[in-house]
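Reader: I'm new to this one. Can you walk me through a few parts of it?
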Amino acid sequence: MAVISPPSFSAAPRPSLSSAGAADSHRFTFRTNSAAPRPRVTASFSNALILRFPPNFVRQLSTKARRNCSNIGVAQIVAASWSDRRGPVSAAAGAASEAALVEAGGDGSTAVVGSGSGFDGNGAVSSKSSEFLGSDGSLAVHAGERTGRGIKTDAITTPVVNTSAYWFNNSQELIDFKEGRHSSYEYGRYGNPTTKVLEDKMSALERAESTVFVSSGMYASVAMFIALVPAGGHIITTTDCYRKTRIFIQNELPKMGISVTVIDPADMKSLERALNENNVSVFFTESPTNPFLRCVDIELVSKMCHEKGTIVCIDGTFASPVNQKALTFGADLVLHSATKFIGGHNDVLGGCISGSEKLISKIRTYHHVVGGVLNPNAAYLLTRGMKTLHLRVNQQNSTALRMAQFLEAHPKIVKVYYPGLPSHPEHDIAKKQMSGFGGVVSFEVAGDLKKTSTFIDSLKIPYLAPSFGGVESIVDQPAIMSYWDLPQEERLKYGIKDNLVRFSFGVEDFEDLKADIVQALDQI
């Protein structure tokens with residue numbers, strides 16, 4: 001039997017079919033070393049690639065498989081050159097170019113990869129924008145994708161670009177990239193097209209100029225502090241917060257000579273005093289906080305801090321962009337553990353920071369040096385999760401509010417912490433800056449450590465686990481889950497009583513969850 005050697009590929013640049021002055025317009029023809037004539041598909045795309053496959057390459061595939069070539073084969077072949085050649089996208093952003101297109105030749109020999117962009121050759125936003133996406137629901141589904149993405153494909157879903165590095169056509173193109181005349185990617189730690197889509201989607205939801213996604217929410221906090229607070233600087237934070245954040249602030253920042261003032265979330269007099277007595281670089285707080293769901297008046301805090309030149313960073317993880325947009329109330333940065341509501345399926349880790357291009361660029365520079373990169377497969381999962389963010393969060397808002405009201409009236413519940421309740425100390429603030437109050441409710445059971453554990457162990461629906469925000473309900477006893485290494489008297493300094501429960505409601509039916517809680521309370 002004769003052995004037929006597979007044809008080899010070659011690539012050659014072709015002149016752009018659009019204006020000759022666009023620095024980012026390229027065509028590449030991938031050809032087999034065969035003398036047989038091959039039909040060509042032409043199109044007037046400014047950022048086009050012509051991919052020419054060996055004869056019969058696509059013809060042998062099913063129709064569905066041919067279309068999937070845009071998602072699989074093409075994605076792998078041109079990962080290096082299908083860069084988002086438009087340069088950094090701003091603001092609500094990412095949502096600003098036309099849908100991309102991949103077209104396979106009828107004989108299976110040629111595929112045109114291109115895009116009619118909503119950006120001009122210099123990366124500026126053109127008249128075509130995302131104005132037709134008028135709500136958070138539409139933005140969550142389509143921003144960064146329906147209106148254009150750097151990945152050239154007609155696949156509905158954004159492909160995963162698994163590559164560690166990106167190539168350049170020649171040394172001059174590399175020099176142009178280094179000097180800012182050519183927009184592309186260079187190394188996997190510095191950017192990825194799949195992650196860029198995710199960042200643009202978050203920027204659109206948060207009304208931000210720019211967003212950087214990283215490997216976890218905790219790393220996002222660390223990167224923000226290190227990038228923005230100088231050695232010997234001073235920060236202000238609040239008493240109630242994620243314990244690991246507190247540990248980093250208390251144990252690690254002092255090693256760099258950075259001092260901290262800790263205030264109650266509602267204590268504006270202490271904030272004013274700390275601003276007057278110190279040269280404060282950053283005010284950082286969660287809102288709502290973990291686990292007592294305290295709320296900071298973002299507008300007031302931002303005004304006070306900006307008068308002293310202090311940056312305001314709000315960790316909005318417990319709210320999500322659907323319920324609260326801190327930037328619109330004056331904050332400079334908003335941070336999320338994307339592991340929680342953003343991903344929403346308890347299956348991926350990630351974190352992000354959104355804000356002005358100026359501040360995000362500083363954080364991104366530090367991030368590029370240190371690492372903490374979000375894997376492109378994680379970026380894909382987070383993008384997928386965000387498409388249902390508004391649906392999930394609205395359901396969780398409803399369930400949590402109804403459950404908080406029910407628990408507050410139950411004789412075996414001592415106290416309920418939920419910003420949607422009039423009894424919450426910052427209820428009025430929450431009503432002003434939140435459209436929904438989140439899917440997490442904290443409460444104290446009438447009992448000691450053992451009785452509270454019995455209640456939790458009697459629940460049948462929620463998982464006993466250290467997270468929140470996903471479609472599955474999750475419950476934990478903070479005294480054990482987060483503070484068990486401390487003696488009881490130390491835990492009480494942070495308000496963590498043995499009978500405290502944090503309950504993250506998923507998207508299960510309200511009546512099922514209520515019945516489960518009732519039967520568990522009956523056990524104590």
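Reader: What is the strand order in the open sheet of 5 strands?
Author: This is a predicted model. The order is E13-E14-E17-E16-E15, and the pairing is mixed.
Reader: Which strands stand at the edges?
Author: Strand E13 (413-417) and strand E15 (463-464). Each has a single partner strand, so one side of each lacks a neighbour in the sheet.
Reader: In what sense do E13 and E14 pair, parallel or antiparallel?
Author: Antiparallel, over 4 bridges. E14 covers residues 440-445. Within this pair, Val 416 sits opposite Phe 443 in E14.
Reader: Which strands does helix H15 lie across?
Author: E14, E15, E16 and E17. H15 spans residues 449-458 and runs at about 20° to E17.
Reader: New topic. At what angle do H6 and H11 pack?
Author: About 110°, with their axes 9 Å apart.
Reader: Which residues make the contact?
Author: From H6, they include Tyr 219, Ala 223 and Met 224. From H11, they include Leu 359, Lys 362 and Tyr 366. By class, the contact has 10 nonpolar, 1 polar and 1 charged residues.
Reader: One last spot. Where is Ser 398 found?
Author: In helix H13, residues 389-408.
Reader: How far is Ser 398 from Phe 437?
Author: Their C-alpha atoms are 8.8 Å apart, with the two residues 39 apart along the chain.

Note on methods
Residues numbered from 1 in each chain as written. Predicted model: local features only at pLDDT ≥ 70, side-chain atom pairs only at ≥ 80, totals over all residues. Heavy atoms only, no water. Helix = DSSP H or I, 4+ residues; strand = E, 2+ residues; numbered from the N terminus. Pairing = 2+ DSSP bridges. Contact = heavy atoms within 4.5 Å. Axes fitted to C-alpha atoms, helices over the stretch in contact; angles between N-to-C directions. Nonpolar A, V, L, I, M, F, W, Y, C, P; charged D, E, K, R; others polar.
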